[in-house]
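Notebook open, model loaded. I want to look at a few helices and then at the aromatic rings.

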Amino acid sequence: MMQPIIDFLVQLGWIGLLIGVAFEALSIPIPSSFFIVFYGYMLKPGLLEMFLIGLLITGVYIIFSFVPYWLSIKFEDKLKSKISKKKMKKAMSWIDKYGDWSIALGRIFGMGYIAFIGGFCKIKPMKYALLTFIGVYPLAVLFVYLGTLGNIKAINGMINHVSWWAGGIFLIIAVIIFGMKYLRKRHRMAHEQQ
């Protein structure tokens, strides 16, 4: 069943990888992680090439993720009614809790609709691009590397677990950073009151 898909991807070459990434960035629910793992398997890149391929993937992702971002700004009311209230509530609670960093977290956890939330929250384009980079680039490099290991089916099954681990690490770092900012602010306010 998978062989025709694999043959088609092989014939497309790099274009197949970029098309898969572009579709996911457009918030079309397809598993681009499979494409990335597959091309890692097919190309068997060296360490430097993995980082460069990760940059290419991330660049394409950022460019195409601006489509839903700009659409959400232009058609905010219409699009908000199309996104399920449960997803919207979850995303907005992330934004309230973690601020703009929710964009990077959403990328790590595979929340394709986070591009729309970025537009709804009027996050500045450069900041949106940077946060998308932070969320996508490490995973892109990791998936290319996992593809070089060989067993695509087993690796694709591991991807869900890896995403949660990466998200957990990112969450811990974010909590530490925000905790330190909060403690500094509280300390500064205490000094001002004295």
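This is a predicted model: local features need pLDDT of at least 70, side-chain atom pairs count only at pLDDT 80 or more; totals for chains, interfaces and linings use all residues.

Helix 2 first. I find that helix 2 runs over residues 14-25, with 12 residues, and reaches 17 Å from its first C-alpha to its last. That is close to the 16 Å expected at 1.5 Å a residue. I then checked which residues of helix 2 are buried, and got Gly16, Leu17, Gly20, Val21, Ala22 and Ala25.

The protein averages a pLDDT of 75, and 66% of the residues score at least 70. By element, helix 1 (residues 2-12) has the lowest mean pLDDT, 65, while helix 4 has the highest, 88.

Next, the rings. I count six aromatic pairs. One of them joins Phe66 and Tyr69, with 5.3 Å centre to centre and 85 degrees between the planes, and it is edge-to-face. Where do Phe66 and Tyr69 lie? Both sit in helix 4 (residues 47-74), three residues apart, about one turn of the helix. A reminder to myself: an α-helix has 3.6 residues a turn, so residues three or four places apart point the same way. Phe66 and Tyr69 are both buried.

Phe66 has another partner, Tyr128. Why is the pair of Phe66 and Tyr128 edge-to-face? The ring planes are at 65 degrees, and edge-to-face takes over 60, so the pair qualifies; the centres are 5.0 Å apart. Since Phe66 lies in helix 4 and Tyr128 in helix 9 (residues 125-148), the pair ties together parts that are 62 residues apart in sequence.

Buried or exposed, I asked of Phe66? With a relative accessible area of 15%, Phe66 is buried, because the cut-off is under 20%. Tyr128 has a relative accessible area of 0%, so Tyr128 is buried as well. Putting the rings together, I get a cluster of Phe66, Tyr69, Trp70 and Tyr128 linked by ring pairs.

Last, helix 9, the one with Tyr128. I see 24 residues in helix 9 and a reach of 34 Å from first C-alpha to last, close to the 34 Å expected at 1.5 Å a residue. Where does helix 9 bend? I find a bend of about 30 degrees at Val136, and a proline, Pro138, follows within four residues. After helix 9 comes Gly150, with a positive phi near 120 degrees.

Terms used. Residues are numbered from 1 along each chain as its sequence is written. Side-chain values use heavy atoms; hydrogens and water are left out. Rings of Phe, Tyr and Trp (its six-membered ring) pair if their centres lie within 6.5 Å; planes under 30 degrees apart count as stacked, over 60 as edge-to-face and the rest as tilted. Helices (H or I, at least four residues) and strands (E, at least two) are DSSP runs, numbered from the N terminus. Buried means under 20% relative accessible area, exposed over 50%, partly exposed in between (1.4 Å probe, protein chains only). The expected span of a helix is 1.5 Å times one less than its number of residues. The bend at a residue is the angle between axes fitted to the seven residues ending there and the seven starting there. pLDDT is the predictor's confidence in each residue, from 0 to 100.
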